[in-house]
Amino acid sequence: MSVEHRFAIIPTHNRPDHLRNCVDAIKDQVERVVIIDNASTPPVHGLPGVIIRNPQQPPNLSALWNQGLEAVEIMARFLGHEAWDVAILNDDALPYEGWMERVCAGIRGTTALAGCTMPGLGAQVVHGPGSGHHLGTRVTGWAFVLRGETGVRFDEQFQWWCGDDDISAYARNNGGLVMVP
(Lines give C-alpha, C1' and ligand atoms only; values in the text may rest on other atoms or scores of the structure.)
Protein backbone atom coordinates (compact mmCIF):
# COMPACT_ATOMS: atom_id res chain seq x y z
CA MET A 1 0.00 0.00 0.00
CA SER A 2 1.49 3.30 -1.05
CA VAL A 3 0.72 6.35 1.05
CA GLU A 4 1.69 9.77 -0.22
CA HIS A 5 0.62 11.74 2.84
CA ARG A 6 3.77 12.48 4.77
CA PHE A 7 4.64 14.82 7.60
CA ALA A 8 7.72 15.64 9.67
CA ILE A 9 8.04 16.64 13.31
CA ILE A 10 11.17 18.49 14.42
CA PRO A 11 11.61 19.53 18.06
CA THR A 12 14.21 22.26 18.57
CA HIS A 13 15.76 24.52 21.18
CA ASN A 14 18.08 27.42 20.34
CA ARG A 15 19.67 25.83 17.25
CA PRO A 16 18.38 27.93 14.34
CA ASP A 17 21.12 26.98 11.86
CA HIS A 18 20.70 23.25 12.49
CA LEU A 19 16.92 23.60 12.29
CA ARG A 20 17.02 25.51 9.00
CA ASN A 21 19.28 22.84 7.45
CA CYS A 22 16.99 20.06 8.67
CA VAL A 23 13.84 21.79 7.39
CA ASP A 24 15.52 22.44 4.03
CA ALA A 25 16.49 18.75 3.80
CA ILE A 26 13.00 17.37 4.54
CA LYS A 27 10.50 20.00 3.32
CA ASP A 28 10.25 18.67 -0.24
CA GLN A 29 9.81 15.10 1.00
CA VAL A 30 6.71 15.80 3.11
CA GLU A 31 3.34 17.48 2.88
CA ARG A 32 3.93 19.57 6.02
CA VAL A 33 6.67 20.18 8.57
CA VAL A 34 5.70 20.66 12.22
CA ILE A 35 8.35 22.42 14.30
CA ILE A 36 8.05 22.16 18.06
CA ASP A 37 9.93 25.20 19.33
CA ASN A 38 10.93 24.32 22.87
CA ALA A 39 11.50 27.76 24.40
CA SER A 40 14.02 29.01 21.85
CA THR A 41 15.31 32.54 22.34
CA PRO A 42 14.43 34.20 20.05
CA PRO A 43 11.42 32.08 19.09
CA VAL A 44 11.61 30.14 15.83
CA HIS A 45 10.14 32.07 12.90
CA GLY A 46 10.42 32.44 9.14
CA LEU A 47 10.54 28.73 8.29
CA PRO A 48 8.04 26.83 6.14
CA GLY A 49 5.63 24.74 8.16
CA VAL A 50 3.64 24.88 11.33
CA ILE A 51 5.50 26.24 14.37
CA ILE A 52 4.21 25.27 17.80
CA ARG A 53 5.85 26.92 20.80
CA ASN A 54 6.27 24.80 23.93
CA PRO A 55 7.83 26.63 26.91
CA GLN A 56 8.44 23.57 29.12
CA GLN A 57 11.91 23.56 30.67
CA PRO A 58 13.50 21.22 31.28
CA PRO A 59 12.00 19.61 28.20
CA ASN A 60 10.14 16.32 28.05
CA LEU A 61 11.12 15.03 24.59
CA SER A 62 8.40 12.37 24.57
CA ALA A 63 5.81 15.07 25.31
CA LEU A 64 7.21 17.25 22.51
CA TRP A 65 7.01 14.34 20.08
CA ASN A 66 3.42 13.64 21.22
CA GLN A 67 2.49 17.30 20.75
CA GLY A 68 3.72 17.04 17.17
CA LEU A 69 1.90 13.75 16.59
CA GLU A 70 -1.35 15.28 17.86
CA ALA A 71 -0.96 18.27 15.52
CA VAL A 72 -0.20 16.00 12.56
CA GLU A 73 -3.19 13.77 13.31
CA ILE A 74 -5.51 16.79 13.45
CA MET A 75 -4.16 18.06 10.11
CA ALA A 76 -4.27 14.64 8.44
CA ARG A 77 -7.83 13.94 9.54
CA PHE A 78 -8.94 17.48 8.58
CA LEU A 79 -7.46 16.90 5.12
CA GLY A 80 -9.39 13.61 4.87
CA HIS A 81 -6.35 11.32 4.96
CA GLU A 82 -7.01 7.75 6.03
CA ALA A 83 -3.30 6.89 6.25
CA TRP A 84 -0.15 8.97 6.68
CA ASP A 85 3.49 8.66 7.66
CA VAL A 86 5.30 10.85 10.19
CA ALA A 87 9.04 11.43 10.36
CA ILE A 88 10.45 12.23 13.78
CA LEU A 89 13.69 14.16 13.29
CA ASN A 90 16.29 15.71 15.57
CA ASP A 91 16.91 19.29 14.51
CA ASP A 92 20.46 18.39 13.43
CA ALA A 93 19.38 15.46 11.23
CA LEU A 94 19.93 15.85 7.50
CA PRO A 95 17.71 13.36 5.70
CA TYR A 96 19.11 12.85 2.23
CA GLU A 97 17.00 13.19 -0.90
CA GLY A 98 14.67 10.20 -1.10
CA TRP A 99 15.11 9.24 2.58
CA MET A 100 11.42 9.58 3.42
CA GLU A 101 10.37 7.57 0.36
CA ARG A 102 12.82 4.79 1.22
CA VAL A 103 11.68 4.46 4.83
CA CYS A 104 7.97 4.82 4.02
CA ALA A 105 8.20 2.15 1.30
CA GLY A 106 9.70 -0.18 3.89
CA ILE A 107 6.89 0.53 6.32
CA ARG A 108 4.05 0.35 3.79
CA GLY A 109 5.44 -2.76 2.10
CA THR A 110 5.14 -4.60 5.42
CA THR A 111 3.00 -4.49 8.54
CA ALA A 112 5.63 -2.36 10.32
CA LEU A 113 4.56 0.35 12.72
CA ALA A 114 7.91 2.15 12.56
CA GLY A 115 10.96 2.32 10.31
CA CYS A 116 14.37 3.84 9.84
CA THR A 117 17.47 3.52 7.74
CA MET A 118 20.39 1.56 9.12
CA PRO A 119 23.92 2.21 7.89
CA GLY A 120 25.73 -0.90 6.66
CA LEU A 121 22.57 -2.96 6.33
CA GLY A 122 22.65 -5.16 3.22
CA ALA A 123 18.93 -5.83 2.87
CA GLN A 124 15.68 -4.70 4.45
CA VAL A 125 14.89 -6.38 7.77
CA VAL A 126 11.66 -6.42 9.77
CA HIS A 127 12.08 -7.00 13.49
CA GLY A 128 9.15 -8.52 15.35
CA PRO A 129 8.40 -9.68 18.89
CA GLY A 130 11.12 -12.35 18.93
CA SER A 131 13.90 -10.02 17.79
CA GLY A 132 15.11 -9.07 21.23
CA HIS A 133 16.17 -5.64 22.40
CA HIS A 134 19.58 -4.31 21.39
CA LEU A 135 21.02 -1.53 19.24
CA GLY A 136 20.31 -3.47 16.05
CA THR A 137 16.58 -3.74 16.79
CA ARG A 138 15.75 -0.16 17.68
CA VAL A 139 15.02 2.93 15.61
CA THR A 140 17.80 5.38 14.95
CA GLY A 141 16.61 7.95 17.47
CA TRP A 142 17.65 10.96 15.44
CA ALA A 143 15.56 10.09 12.34
CA PHE A 144 12.74 7.57 12.08
CA VAL A 145 9.20 7.26 10.71
CA LEU A 146 5.92 6.11 12.28
CA ARG A 147 2.76 4.80 10.61
CA GLY A 148 0.66 7.82 11.62
CA GLU A 149 -2.89 6.53 11.43
CA THR A 150 -2.20 3.97 14.18
CA GLY A 151 -2.33 6.75 16.77
CA VAL A 152 0.84 5.52 18.49
CA ARG A 153 2.18 7.89 21.13
CA PHE A 154 5.30 8.06 23.28
CA ASP A 155 5.25 7.20 26.98
CA GLU A 156 5.89 10.56 28.63
CA GLN A 157 7.47 8.99 31.70
CA PHE A 158 10.54 8.79 29.45
CA GLN A 159 11.26 12.51 29.56
CA TRP A 160 14.59 12.61 27.74
CA TRP A 161 16.11 9.14 27.50
CA CYS A 162 14.59 5.85 26.31
CA GLY A 163 11.49 7.16 24.49
CA ASP A 164 12.90 5.89 21.20
CA ASP A 165 13.82 2.55 22.85
CA ASP A 166 10.28 2.20 24.20
CA ILE A 167 8.67 3.04 20.84
CA SER A 168 10.99 0.50 19.19
CA ALA A 169 9.80 -2.25 21.55
CA TYR A 170 6.19 -1.20 20.99
CA ALA A 171 6.67 -1.29 17.21
CA ARG A 172 8.37 -4.71 17.27
CA ASN A 173 5.43 -6.10 19.24
CA ASN A 174 2.67 -4.39 17.21
CA GLY A 175 3.37 -4.97 13.53
CA GLY A 176 7.13 -4.71 13.36
CA LEU A 177 10.06 -2.35 13.06
CA VAL A 178 11.50 -2.16 9.54
CA MET A 179 15.07 -1.19 8.86
CA VAL A 180 16.02 -0.32 5.32
CA PRO A 181 19.56 -0.01 3.91
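A residue counts as buried when its relative accessible area is under 20%, as exposed when that area is over 50%, and as partly exposed in between. The structure described here is a predicted model. At 62% relative accessibility, Gly109 is over the 50% cut-off and therefore counts as exposed. Gly109 is found in the loop that links helix H3 (99-108) to S5. In space, its C-alpha atom is 9.6 Å from that of Val178, while the two residues are 69 apart in sequence.

## Overall architecture

The protein chain contains four helices and eight strands. Their order along the sequence is β-α-β-β-α-β-α-β-β-β-α-β. The radius of gyration is 15 Å, which agrees with the value near 16 Å that a compact globule of 181 residues would have. Along the principal axes, the C-alpha atoms of the protein chain fill a box of roughly 45 × 30 × 30 Å.

Of the 181 residues in the protein chain, 50% are buried.

How many of the 10 residues of H3 are buried? Seven are, so H3 is largely enclosed by the rest of the structure. The buried residues of H3 are Trp99, Met100, Val103, Cys104, Gly106, Ile107 and Arg108. They pack against strand S1 (6-12), H1, strand S4 (85-89), S5, S7 and S8.

Helix H4 spans residues 163-173, and its buried residues are Gly163, Asp164, Ile167, Ser168, Ala171 and Arg172. These residues cover an arc of only 165° around the axis, which puts them on the same side of H4. An α-helix has 3.6 residues a turn, so residues three or four places apart point the same way. The packing partners of the buried residues of H4 are helix H2 (61-78), strand S5 (114-117), strand S6 (125-127), strand S7 (143-147) and strand S8 (177-180). After H4 comes Gly175, which has a positive phi near 120°.

## Loop residues

Gln29 sits in the loop between helix H1 (16-26) and strand S2 (32-37). Is Gln29 buried or exposed? Its relative accessibility is 15%, so Gln29 counts as buried. Neighbours within four places in sequence aside, Gln29 is in contact with Arg6, Pro95, Tyr96, Glu97, Gly98, Trp99, Met100 and Glu101. Among these contacts of Gln29 are Trp99 and Met100, which are also buried residues of H3.

Pro59 lies in the loop between strand S3 (50-53) and H2. With 23% relative accessibility, Pro59 counts as partly exposed. Not counting residues up to four places away in sequence, Pro59 touches Asn38, Leu64, Gln159 and Trp160. Pro59 and His13 are 46 residues apart in sequence, and their C-alpha atoms are 9.4 Å apart in space.

## Backbone geometry

Two cis peptide bonds and two positive phi values in residues other than glycine are listed below.

| Site | Feature | Angle | Loop |
|---|---|---|---|
| Thr41 to Pro42 | cis peptide bond | omega near -5° | Pro42: between S2 and S3 |
| Gln57 to Pro58 | cis peptide bond | omega about -5° | Pro58: between S3 and H2 |
| Cys162 | positive phi | about 80° | between S7 and H4 |

Pro58 is found in the loop between S3 and H2, and Pro59 also has its place there. As for solvent accessibility, Asn14 has a relative accessible area of 37% and is partly exposed. Cys162 is partly exposed too, with a relative accessible area of 36%. Cys162 belongs to the loop between S7 and H4, and the buried residues of H4 pack against S7, among other elements.

Conventions:
Residues numbered from 1 in each chain as written. Predicted model: local features only at pLDDT ≥ 70, side-chain atom pairs only at ≥ 80, totals over all residues. Heavy atoms only, no water. Helix = DSSP H or I, 4+ residues; strand = E, 2+ residues; numbered from the N terminus. Rg over C-alpha atoms; globule rule 2.2 N^0.38 Å. Buried < 20%, exposed > 50% of the residue type's maximum accessible area, 1.4 Å probe, protein only. Arc of directions from axis to C-beta. Contact = heavy atoms within 4.5 Å.
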